[in-house]
Amino acid sequence: MRAVDVGGLRAWVSDTGGSAVTPSPERARSHDRVVRAALELATPLPARFGQVVSDEAALEALVEPRRAAFSAALERLAGMVEMTVRVILPAHAREGPALTGQEGRAASGREYLERVAVTQRQERNLLAEAGIVREHIRSAVRELVRAEAFAGAAAGSSMITVSHLIPRGHIEHYRRAIGALREDQPSLAIMVSGPWAPYSFAEAIG
Amino acid sequence: MSDEPVTDVSPGAVAEFERELREIARALPERIDADPERVDQGLARLVLTLIEVLRKVLEHQAVRRMDGGSLSDEEVERLGLALLRLSERMDELKRLFGLDDEDLEIDLGPLGRLR
């Protein structure tokens, strides 16, 4: 691990043998350790795991055209950290109408369309529920956050993820606010984690 | 300045979160950098994603028309069968290119995900 000065910005790099990095849990953890170490000094722009350049000249060519964007992002994120809330939506939102007798291939065109209609209703329910939960979270931490990033439930999942950009000084308040939300909404399974480097708010790094 | 990251989970929900997060980890790409051997798969993914978008639109329209009562029984049957065959054909193509449903999701940002 070494720091390379690129026109006033400092890039943290390490040398790899090849042109691509094959992800493994161990490599992801060491990437995370580096980002955390940087976060202890100041809020960095975390690079996506596995970004590879051929040499320092290529690194400079990558950074140079975006230096202004990087500097602006660093300024915007200074003193900030990311907190992440994940919520598993309550069972009633996931299950929707009964799905019994829907195994295997539909026996007719009508049956197929009716199954599609059931699935569409479930997806709408899930989306509506996700919106309600997002509002609950938003009002619990409204005073503490500077920005929010939201990821709805992926196909087949009922977990939503909300990331918040908050000033470092608000971490404890934030945890308490989510704790209070948990007490207010006992049917929601809530996981809160952080502080992390602002992965969800570092668009400039592309 | 240091604040160690802490993860705090609602009591009783640890196993549920473990399952969901394992599922996400499974869906992550095996390799990050562009690889020429994977270009074909990338192209197939793009084309199939577009077809999937159209298929979903057609299904939504069909269900709306069925629920609205503007289709005869015969029309419902014909439309349903055509969509069933399209869905089966898509499954075959996904298998052929080693793609699954998550590969064909489009994240529309604030509008959520198309699936």
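Across the interface of chain A and chain B, eleven residue pairs are in polar contact, both residues being at pLDDT 80 or more; a polar contact is a pair of N or O atoms within 3.5 Å, where within protein one must be able to donate a hydrogen and the other to accept it, and residues adjacent in sequence count only if both atoms are side-chain atoms. The model is predicted: local features need pLDDT of at least 70, side-chain atom pairs count only at pLDDT 80 or more, and totals for chains, interfaces and linings use all residues. Residues are numbered from 1 along each chain as its sequence is written, chains are lettered from A in the order in which they are written, and side-chain values use heavy atoms, with hydrogens and water left out.

**Interface of chains A and B**

- In chain A, 52 residues are in contact (heavy atoms within 4.5 Å) with 41 residues of chain B.
- About 4100 Å² is buried between the two chains, and carbon and sulfur atoms give 55% of that area; buried area is the accessible area (1.4 Å probe) that two parts lose on being put together, summed over both.
- Four salt bridges are counted between chain A and chain B, a salt bridge being a side-chain nitrogen of Lys or Arg within 4 Å of a carboxyl oxygen of Asp or Glu.
- One salt bridge joins Asp73(B) and Arg110(A), at 3.0 Å from N to O.
- Another pairs Arg105(A) with Glu88(B), whose closest N and O atoms are 2.5 Å apart.
- Arg105(A) lies in the loop between helix H4 (91-95) and H5 of chain A, and Glu88(B) in helix H3 (residues 73-96) of chain B, so this pair joins two chains; helices (H or I, at least four residues) and strands (E, at least two) are DSSP runs, numbered from the N terminus.
- Arg105(A) is exposed at 53% relative accessibility, while Glu88(B) is partly exposed at 27%; buried means under 20% relative accessible area, exposed over 50%, partly exposed in between (1.4 Å probe, protein chains only).

- Gly109(A) lies in helix H5 of chain A and is buried, with a relative accessible area of 0%.
- Beyond its neighbours within four places in sequence, Gly109(A) contacts Val76(B), Glu77(B), Gly80(B) and Leu81(B).
- Arg110(A), partly exposed at 27%, also forms a salt bridge with Glu114(A), at 3.6 Å between the closest N and O atoms.
- Arg110(A) and Glu114(A) are four residues apart in H5 and therefore separated by about one helical turn.

**Other features**

- Arg134(A), Glu135(A), Arg138(A) and Glu148(A) form a network of salt bridges.
- A cis peptide bond, with omega of about 5°, joins Gly194(A) and Pro195(A), and Pro195(A) lies in strand S6.
- Chain B follows the pattern β-α-α-α-β-β along its sequence, and 25% of its 115 residues count as buried.
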